[in-house]
Amino acid sequence: MEHYHMNLNLKVWRQKNSNTKGDFKTYQVKNISSEMSFLEMFDVLNEQLISEGEEPVAFDHDCREGICGMCSMYINGKPHGPWQANTTCQLHMRAFKDGDTIVVEPWRANAFPVIKDLTVDRTSFDRIIQAGGYISVNTGNAVDGNALPINKDNADNSFAAAMCIGCGACVAACKNSSAMLFLSAKVSHLALLPQGEPERKTRVLNMVAQMDKEGFGACTNTGACEATCPKEISLTNIARLNAEYLSASLSAEK
Amino acid sequence: MLNAKIPTGPLENKWAEYKGHCKLVNPANKRKLEVIVVGTGLAGASAAASLGELGYKVKAFCFQDSPRRAHSIAAQGGINAAKNYQNDGDSVFRLFYDTIKGGDYRAREANVHRLAEVSANIIDQCVAQGVPFAREYGGLLSNRSFGGTQVQRTFYAAGQTGQQLLIGAYQALERQVALGNVTMYSRHEMLEVVTIDGKARGIIARDLVSGKLERHFGHAVLLCSGGYGNVFYLSTNAMGSNVTAAWKAHKKGAAFANPCFTQIHPTCIPVSGDHQSKLTLMSESLRNDGRIWVPKKQNDTRKATDIPEEERDYYLERRYPAFGNLVPRDVASRAAKERCDAGYGVGSSKQAVYLDYADAILRYGKIEAGKQGKVNASQEEIIALGKEVVKAKYGNLFDMYEKITGENPYEVPMRIYPAVHYTMGGLWVDYELQTTVPGLYALGEANFSDHGANRLGASALMQGLADGYFVIPYTLGNYLADEIYNKSIETSHPAFEEAEKAVSDRIHQLMSIKGKQSVESFHKRLGKIMWDKCGMARNKEGLEQAIKEIQALKKEFWSDVRIPGEINEMNTELDKANRVADFIELGELMCIDALNRNESCGGHFREEFQTPDGEALRDDAGYMYVAAWEFKGEHQWDLLKETLNYDVIKPTQRNYK
Amino acid sequence: MTWKQVFTSSVGKKLVMGLTGISLVLFLIVHAGINACVFADMVDPNENGEMFNKAAHFMGSTVLIRIMEIGLFAGIILHIFQGYLLTLENKQKRSVGYAVTYTDGSKWYSRSMGLLGTLILIFLVLHLYHFWVSARFTHEGLAPVTYNGVEMHNMFALMQATFTEWWVIGVYTAGCISLAYHLAHGFQSAFRTLGVHNKRYTTLLTTVGYAYSIIITLAFIFMPLSFKLGWIG
């Protein structure tokens, strides 16, 4: 892989705080190495802004190895940028070429209000988990880990759903700002395990109710979420959630 | 001399004895007691959830936007537990023994034994929470082996064990939030510990969105804020990982133990240039099949594939014919550094060595061809078959490497270099995990207690969860039982006022410097000093120099740092400045500690103290103690010692040759 | 959990869309089947739509089917209203839009169900005006025809008369193509919404869905075209 350097035009969303209106600002960055990560390119931009006496661009990031789910940039019309199964922090500059213009926006959804620049508030996801995304077991109550054998397929599918990093790219990608992929990943993760069985029905009903309350849209199965998910969480989980919801609501006592 | 308050009696009975006799708090009183938990990684989230379940009023703080982001999430390999599911001779004692030996006999026996005892409960607890551990076809839990042990005791969830365990703890925590037992403060950073009459009574936290300072009272304060590897600027830690909470506690009286014990992991993706912001770990398992080499010629600029076999130096195989590429982490790391420093490094930065899979591909290809009965398989066919086998074993790691470097590791050798990824040192704690400040506790990587001078793989997750789920619920009760007579203190108390003013003054001072250099540039310079002089190998001269350089850097920082923006708004530069200011002070203490310890042990390698063949040379007579440093004033620390007594294990020289 | 909650949550609203959608899918099979009777005329030039007229008469005069027709209309209306409501509500969940919209991850028609539905609705109004209104109420342009002593409407003749103008053929063709795309997404989406998640069924349903959309649409387009080109009648 040949390394090269490039000059870029960046169109970045700037917004002082949640109460003010934002707009795009254009910046030039020079001599960007193709080996940099996208966020390192933003580090360069920020150092440049600081040296010019301007405020750096605020953006969420932490682990920078694609697992914490904090980074959240909408790059050239795609959450996490052009690569498949990838987070913003793992996107590298060899995805771009000299002279490119890159438009960077925050996640857009009413349930994810902008806090500042490219930083959004995703606590709505935490509240969805609070509504039932857990197994009610107090510390110290557990039986032996091998007491309940779990069918390997179920364990594997549960793990595949549990890989969700809660970044919110699914919401950002969805034309309806729906959180169904996130929600269904958690419901599937727990519904596929025998430990999740006792709360299976209340969990799905309460979590859907909370999702609606937070102001996420309804799912129309377009598949945009699956296509942009850095962990390739499958759309199948949404269908499984629908089945869980239907069976839970039809079999409710009251 | 520090008193670790280790229960008397035989080692294997200590924890049971303690639990049987520690004081309890009745449920009605628990409701009146408030506990503050700083940090929501494995230790913090599990502690906050467990204490909430018990009925305490808990306030949990994290600087990220959600507790699920904590860097425990990045742990790949697995979690150890003495379950002996494999019937291969594992036991609590063996896990205890391996951990003490791995720590190069610088850990406390009683703590480590307790850790081994509760390790099995952790797995049960996590399974009950719905952590999807890997399973066999029969539906039972799967294990794999890990470095430094002879048994299979590591439980895992693909390469994302840390993520799955953290999500389990996070879910338990969110359940307590929903039940009203825990109040969660995300995007909050703890900036001061409040002490009243010598006891920890609360914290001052900054709301990172509004920039406002908040006062929070607690009958006890738990610091679960992780390690300080970011003092090196480049590490496998998350960007936000910081020492601030622990450092504030230290400056309020909590002793800081063994700060110089840092672990350097040999197989990381190397630095690609000055822009580099963090490093990514590649699982150690790659060394099982890969061969490590550098060119025999200095500054060789040829492509790896153009360098003929006879011009390659397989330096680990050459220097350590018995262990070859499988020498322990610290040895592999130091050997790579030695080659690169001598000018044999590869890649554009010249700070890397090759990890080559060409031989493994051929070897596996031949086996596979044999299995399939292809007697006259061509070289191409064999390579293709071999690649398939390697892909099945290491595919996800190879993919990650390609994503970051843009190079195809099936075709060209990978480049690797050692990187900082864990800190064994931390706040000194006694058997109850209490620091030297009453009511102030430290859990997980933030404390020093269990790993001695070197941590074994798959032990960090175990320790974080042991502390949070199974230790602190007992030991905290023992302290809080006496606190039921003390009502919550109003945050208008002068101690809170004073603490908030100190924080506010410092922030205003930082903002008023209005210098020329960015926070990042100072952090990079600190990292370079630390890496060069207090990194993989240290010596007296370098450490003395480093101390001077860091003191000068501190002065420069406080007179020339530039922080744009305002105080009362989201200001990521100000957040960073607060952290870097503390890292600079910590860096000095690390060098002082490294200078004090005139021996080599585990992750601490003093060049003056090595065996003739380059192995770490311990000095048990002189240094079998925990060096806990008490803050006395700027650039001044007192050394407090905790002598380590080995009642059960007899320390020997680690010999891996 | 009240029944109201079941059908008014975001998942519940989709359930309504899916259930009504699937009932419309079934209806289209019947509709296309009955209409296909006009092709009997192609086989036997003296047939003159007898088979079709009889089938239409059966549909119009059987009480049970007339009751089902009420259900069908209820379903169509629910599907339309709920569809518009959902589209509107979903749009409101993002007050500030993107400068660059994300289009790679999904098919255009899956994102345009509201638009396609509207096109179908326009076509439907014309279509109902042409046939259903006259058959049921006005009887405009409907001559009586008698087979074996039973008098009935000559729907075949009405079709022949209707499909003479090219613009009508054009509107019908456009309506049918909109329907094809609407179904291409709607068919499999409806089953997903109803909770079908096993891979063996989702794969099957996706394939069946595409086949269904194409076959039904071609069958419908072929009729007006055949009349216009004189292949029938």
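Reply: In chain B, the centres of domain 1 and domain 2, taken over C-alpha atoms, are separated by 36 Å. The model is predicted, so to speak of local features requires pLDDT of at least 70, side-chain atom pairs count only at pLDDT 80 or more, and totals for chains, interfaces and linings use all residues. Residues are numbered from 1 along each chain as its sequence is written, while chains are lettered from A and ligands numbered from 1 in the order in which they are written.

The domain assignment of chain B gives domain 1 (11-261 + 424-487), domain 2 (266-420) and domain 3 (495-618); such bounds come from an automatic or database domain assignment.

Helices (H or I, at least four residues) and strands (E, at least two) are DSSP runs, numbered from the N terminus. The axes of helix 10 (residues 358-371) and helix 11 of chain B come within 7 Å and cross at roughly 100 degrees; axes are lines fitted to C-alpha atoms, for helices over the stretch in contact, and angles run from 0 to 180 degrees between N-to-C directions. Helix 10 and helix 11 of chain B are therefore roughly perpendicular to each other. Angles under 35 degrees count as roughly parallel, over 145 as roughly antiparallel, 65 to 115 as roughly perpendicular and the rest as oblique. Helix 10 of chain B contributes residues including B:Ala360, B:Ile361, B:Leu362 and B:Tyr364, and helix 11 of chain B contributes residues including B:Glu381, B:Ile382, B:Ile383 and B:Leu385. This contact of helix 10 with helix 11 of chain B has 10 nonpolar, 2 polar and 4 charged residues.

For helix 5 and helix 12 of chain B, the axes come within 9 Å and cross at roughly 85 degrees, which makes helix 5 of chain B roughly perpendicular to helix 12 of chain B. Among the residues that meet here are B:Arg114, B:Leu115 and B:Val118 in helix 5 of chain B and B:Met462, B:Leu465 and B:Phe470 in helix 12 of chain B. The contact of helix 5 with helix 12 of chain B has 9 nonpolar, 4 polar and 1 charged residues.

In the loop between helix 4 (92-102) and helix 5 of chain B lies B:Asp104. B:Asp104 has a phi near 55 degrees, a positive value in a residue other than glycine. With 25 C-beta neighbours inside 10 Å, B:Asp104 counts as buried; the term applies if 20 or more other C-beta atoms, placed from the backbone, lie within 10 Å, whereas 12 or fewer make a residue exposed and anything in between partly exposed. B:Leu639, in strand 22 (residues 636-643) of chain B, counts as partly exposed because it has 13 such neighbours inside 10 Å. Not counting residues up to four places away in sequence, B:Leu639 touches B:Asn596, B:Ala627 and B:Trp629. B:Leu639 and B:Ala255 are 384 residues apart in sequence, yet their C-alpha atoms are 9.0 Å apart in space.

Chain B also has a partner. Of the 2 pairs of chains that touch, chains A and B have the most contacts. Their contact takes 66 residues from chain B and 67 residues from chain A. Elements giving two or more residues to the side of chain B that touches chain A include helix 5 (109-129), helix 11 (379-405) and helix 12 (460-480) of chain B. The largest share of that side, 9 residues, comes from helix 6 of chain B. By class, the side of chain B that touches chain A has 24 nonpolar, 26 polar and 16 charged residues. No contact joins chain B and chain C, whose closest C-alpha atoms lie 20 Å apart. Chain A and chain C do touch, with 42 residues from chain A and 36 residues from chain C.

Terms used
Contact = placed C-beta atoms within 7 Å. Nonpolar A, V, L, I, M, F, W, Y, C, P; charged D, E, K, R; others polar.
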